[in-house]
Amino acid sequence: MKIMKRIASMLLAICLIVPCFSMVTKAAEGVIFFTDLETKVGDTFDITGTVVSKGGTLKDVSVQMSYDTSYMRFVSGDGVNADSEGKLTYTGTGSSDRLEFTMTFQALQEGSSRMTQEAATVTTTSGETLSCTNGYSDVTIGAGDPSKIVDTGNTSEVTIDGQSYTLSEAFSDNEIPAGFTTGDITYEGTTYKGAVQANSDIALAYLIDSNQAGKFWVYNSTDGTFSPCDELLISDEYSIIVLNGRNEVKMPDKYEEVSMEINGTSYPVWTEPDRDGFYILYAVNNEGEKSLYLYDSLEHTYQRMETPKAVSSEKKTASNLWGKMSEVITNYLVWFVVGVVCLLLILVIFLIVFAVKLHHRNVELDDLYDEYGIDDEQDSQSLPKGTNRNHARASYEDDEDDFDDYYEDDEYYDDDDNEDDLSELRRDFMSELDRKKTYDEYYDDDDFEEGYEDERPRKSSKSKDDTFTMDFIDLD
């Protein structure tokens, strides 16, 4: 009995293990499905396909689809190629457990139609191949405007840089960039449906490459040329269209032109010499304003900027020289202001030093005049040429002192009656002395004195022991 219970327990354990293996096998499965929708005749519509992995990250995806060409016509799709009539193939690479792709069609007639998945090859990053269920999309087409249906015969072959494209009208309204509306363009005498912008002269043409991938290009009606463009989202409500600005923008020499790939298309851009990782590109915004944008390659942001002024190659004149100086001052305004302030400070310091030195010199001259008794110019002009006023005054005072010393002897002052006579004699002597001083003052030049030495009065030398004969007058 115990043996039977053990056998039953083992069988039960085996039965429980078998479903687990089945679950592990199903974990490597995937799912492919498409959106259903309703539309009208003449309208364009999008069908979105989604590939989901139930275990692991998607790597390579290839999906084959078929549709009824009498109800709808394939217009375009990212990564979708039209292999043959009513046959499409999508190829792409995933980076997560989910991958989406979109296809654009145009409704041709009323009714219901189905686009179905025929085959699919889906692998994961671990190397597993997923077994995916087949998906499909049901499309219901109601009454609409048949005039919107594009005549597939109205196309033209276009060659750009050796590559062949087809100028087509088969695009949906959802593909038109923001700020543009449907409009007519004329190419080689034929009118095609394109996209135009009301506030600018930019017109867009829809070109389909050899892989049946459609894209808008800038069309120049003047010379009939095409140039690539791509729409970049700046915000939820704002975007810019990147343009080829090589022929429209003249950048200064310091900006080097390089190539940058945007959405698979190469565009000419310019490096920012003052900052690494920044590039300048040419674009037009939703309002039709063309401008340069500074692109930060690290944070993937865009900022509108003013167009740098190009350096003129013409011969410099007074006007363009002033313009160049204004540009330099504008670019280096801070340093220019600092230089002007430093120059003014130097000038103020120089004036202060000069004023101090001039003041000290004036003080030294005043001290010199005081030391040597030099009078001002007006007093000096009152004396004859060559006369020193201080010297004349000192000589006069010395002679007067000599006279007083000479007659200070007591023998001449014994009689009081002689005092008047002595006073009179002193006045006569001083008168003669004044006359002599006047002569000396006006004839002080040595060269002049050499010819008239004999004619000048000579000062007699007197000593204390000399005798004099004097007549006294009796006053009684």
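The count of salt bridges here comes to seven, where a salt bridge is a side-chain nitrogen of Lys or Arg within 4 Å of a carboxyl oxygen of Asp or Glu. Before I go through some of them, the ground rules. This is a predicted model, so local features need pLDDT of at least 70 and side-chain atom pairs count only at pLDDT 80 or more, while totals for chains, interfaces and linings use all residues. Residues are numbered from 1 along each chain as its sequence is written, and side-chain values use heavy atoms, with hydrogens and water left out.

As background, side chains of opposite charge can pair when their charged atoms come close.

One of the salt bridges joins Glu118 and Lys87, at 2.8 Å from N to O. Glu118 sits in strand 9 (residues 111-124) and Lys87 in strand 7 (residues 87-93), 31 residues apart, and the pair links distant parts of the chain. Strands are DSSP runs of E, at least two residues, and helices are runs of H or I, at least four, both numbered from the N terminus. Glu118 is partly exposed, at 40% relative accessible area. On this scale, buried means under 20%, exposed means over 50%, and partly exposed is in between, with a 1.4 Å probe and protein chains only.

Next, Glu257 and Arg246 also meet in a salt bridge, at 2.8 Å from N to O. Glu257 lies in strand 21 (residues 257-262) and Arg246 in the loop between strand 20 (239-243) and strand 21, so the pair ties together parts eleven residues apart in sequence.

In another pair, Lys290 and Glu248, the closest N and O atoms are 3.4 Å apart. Lys290 is in strand 24 (residues 290-296), Glu248 is in the loop between strand 20 and strand 21, and 42 residues separate them. Salt bridges with shared partners join Asp201, Glu248 and Lys290 into one network.

Ile202 is in the loop between strand 15 (190-196) and strand 16 (203-208). Is Ile202 buried or exposed? Ile202 is buried, because its relative accessible area is 6%. Beyond four places in sequence, its contacts (heavy atoms within 4.5 Å) include Phe180, Leu243, Val284 and Lys290.

Last, the annotated segment. UniProt, in an unreviewed entry, places a "transmembrane region" at residues 332-356; the positions use the numbering here, feature names are shortened, and annotations may be inferred rather than shown by experiment. In the model that span is 96% helix and 0% strand, and its end C-alpha atoms lie 37 Å apart. Leu333 is found in helix 3 (residues 333-372), and Leu333 counts as partly exposed because its relative accessible area is 47%.

Overall, the protein has seven helices and 25 strands, and buried residues make up 30% of its 476 residues.
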